[in-house]
Amino acid sequence: MPESVIDQAVFNELKESVGTDFIGELVNTFLDEAPGLIAQLRPALAAGDRETFRRAAHSIKSNAATFGAMQLNALAKELEFMAREDRLGDVGDKIEILETAYQQSIIALKELCR
Amino acid sequence: MNTEAGHLLVVDDNKVNRMLLEHHLRQQGHTIDSAVNGRQALDKLRSDSFDLVLLDIEMPEMDGYQVLSTMKQDNQLRHIPVIMVTAVDEIASAIRCIEMGAEDYLPKPFDPVLLRARIGASLEKKHLRDKERLYLKSLEREMEIGREIQAGFLPTDLPKVPGWEIAACFKAAREVAGDFYDAFLLLDGSLVCVIGDVCGKGVGAALFMTLCRSLIRATFTSDVFNRQDTHVLTTAERLHHVVSFTNNYIADTHGDANMFATVFIGTFNLQDGSVAYINCGHEPPLLLGKNGKLTSLPPSGPAIGIIPDADFSVQEIAMEAGNLLFAFTDGIPDALNMEGVSFGHERLLEIARKGDATPAEFLKNIEEQLVQFIGTADQFDDITMIAVKRESPPISNR
């Protein structure tokens with residue numbers, strides 16, 4: 001399962017460059033930070049706060065890319081663009097899909113860090 | 001790798017990014033501080049000294065553009081190199097930052113090898129620029145010392161003699177000058193006035209200016225002339241000796257430097273108003289007589305320092321009460337305005353013809369007209385003037 005959610009090459013490269021201990025620390029930080037960022041999306045969407053929405057999506061996108069969580073990265077990037085281009089009406093169920101991708105990513109990351 | 005270690009500031013609101021960057025940079029030997037937004041970054045930049053800033057663009061409160069723009073407008077911060085940290089899909093933003101003055105950019109996710117190379121190159125450039133700035137500072141300091149010392153080669157006070165008035169004006173075009181003037185009294189009571197212009201500008205001219213001025217002053221005021229024989233030199237003989245001695249010394253000792261100076265030296269008999277002078281290739285001084293009559297005092301010998309044993313002839317004029325002798329350097333007629341037009345001799349002669357003032361007022365008038373003429377153009381050459389006036393005798397009731 002992890003293979004499909006996390007790009008192994010990206011993750012391994014990161015692991016090699018920072019070492020096993022530090023990658024654990026990085027993943028834990030991501031797990032601490034990401035729920036807060038994801039939680040900002042719905043209220044921002046409801047309030048039409050494009051800036052908060054865009055910034056949260058941007059941060060999720062950035063971290064996902066760091067760990068090779070490509071699906072999560074692509075979804076966050078899409079949301080960021082929607083906010084940037086003032087197309088929040090197109091968001092639809094994308095937040096739910098992103099949440100699922102995040103859940104899958106953390107399972108895979110935890111697995112990889114073991 | 002020739003990466004030099006530095007003190008770096010990492011600015012990113014994303015904790016994972018900050019941790020990752022800090023980790024890599026520490027491993028590469030740098031010391032790190034971090035800021036979570038632009039405002040905090042500027043506070044840290046102003047309270048600590050950093051060699052380089054790694055700056056994220058997307059940040060709350062104050063973004064990377066604002067930080068960069070503030071840094072580039074701040075004289076204390078503008079020299080610190082900034083590397084923008086951007087996602088691969090934000091290259092356009094990175095380019096905009098480079099146009100704003102950022103040194104380079106780094107794409108996220110970070111490649112440690114690329115990170116090392118770019119930071120190493122930026123730090124190396126920064127260290128070179130720092131060295132250059134230090135060098136410039138020390139050079140400026142040296143020039144300032146030179147300027148102060150050279151100022152000591154000009155008279156601090158002009159002689160005060162009854163019945164005569166002397167004034168001078170000196171404005172260097174650069175820190176150090178090739179122009180000089182001098183005025184002093186001899187033991188026999190006569191007054192010596194000197195004005196000179198050493199060829200060229202800057203330090204070379206300034207060194208020769210100090211040599212010329214010192215030789216003239218020292219030769220004039222030493223008493224060697226009277227020591228070996230009973231013959232007391234006349235004023236004209238003394239003047240001739242001073243000029244010949246100075247000329248031969250410079251031509252013989254410093255001939256290879258190809259430096260020379262145009263000099264006018266006048267010896268004033270304060271009792272009878274007679275003036276013995278030698279004009280060594282200098283701008284002809286003007287004698288302002290009654291009713292606007294002007295007499296030019298043309299060269300009576302070549303510039304000092306070119307021809308050994310050159311022939312200098314002593315000339316004599318008489319200054320009557322109310323006459324004013326005005327000597328100047330070519331910085332006045334040659335002064336250029338914004339249109340590239342020179343002040344010229346005619347403008348100077350026109351002022352001189354109307355000159356019925358004290359020497360100080362006369363020079364001030366010329367200076368004001370010159371400043372007005374030059375306008376916002378840069379002063380191209382040193383400007384030096386000296387004026388000596390034989391006062392009209394007071395109306396006596398006896």
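**Contact between chain A and chain B**

The contact draws on 19 residues of chain B and 23 residues of chain A. The model is a predicted one, and in it the two chains bury about 1700 Å² between them, with 56% of that area on carbon and sulfur atoms. On the side of chain B, the residues that lose the most area to chain A are V16(B), M19(B) and E58(B), which together make up 31% of what that side buries.

**Polar and charged links**

- Between chain B and chain A there are three salt bridges, one of which joins E58(B) to R54(A), with the closest N and O atoms 2.7 Å apart.
- Five residue pairs are in polar contact between chain B and chain A, counting pairs in which both residues are at pLDDT 80 or more.

**Make-up of the chain B side**

- Helix α1 of chain B, residues 15-27, supplies eight residues, the largest share of the side of chain B that touches chain A.
- Sorted by class, that side of chain B consists of eight nonpolar, five polar and six charged residues.

**Helix α4(A) against helix α1(B)**

- Helix α4 of chain A, residues 50-67, and α1(B) have axes that come within 9 Å and cross at roughly 45 degrees; α4(A) and α1(B) are therefore oblique to each other.
- In this pairing, S62(A), N63(A), T66(A) and F67(A) from α4(A) meet V16(B), N17(B) and L20(B) from α1(B).
- By class, the contact of α4(A) with α1(B) holds three nonpolar and four polar residues, and no charged residues.

Definitions and conventions
Residues numbered from 1 in each chain as written. Chains lettered and ligands numbered in written order. Predicted model: local features only at pLDDT ≥ 70, side-chain atom pairs only at ≥ 80, totals over all residues. Heavy atoms only, no water. Contact = heavy atoms within 4.5 Å. Buried area = accessible area lost by both parts, 1.4 Å probe. Salt bridge = Lys/Arg side-chain N within 4 Å of Asp/Glu carboxyl O. Polar contact = N/O pair within 3.5 Å; in protein donor to acceptor, adjacent residues only side chain to side chain. Helix = DSSP H or I, 4+ residues; strand = E, 2+ residues; numbered from the N terminus. Nonpolar A, V, L, I, M, F, W, Y, C, P; charged D, E, K, R; others polar. Axes fitted to C-alpha atoms, helices over the stretch in contact; angles between N-to-C directions. Parallel < 35°, antiparallel > 145°, perpendicular 65-115°, else oblique.
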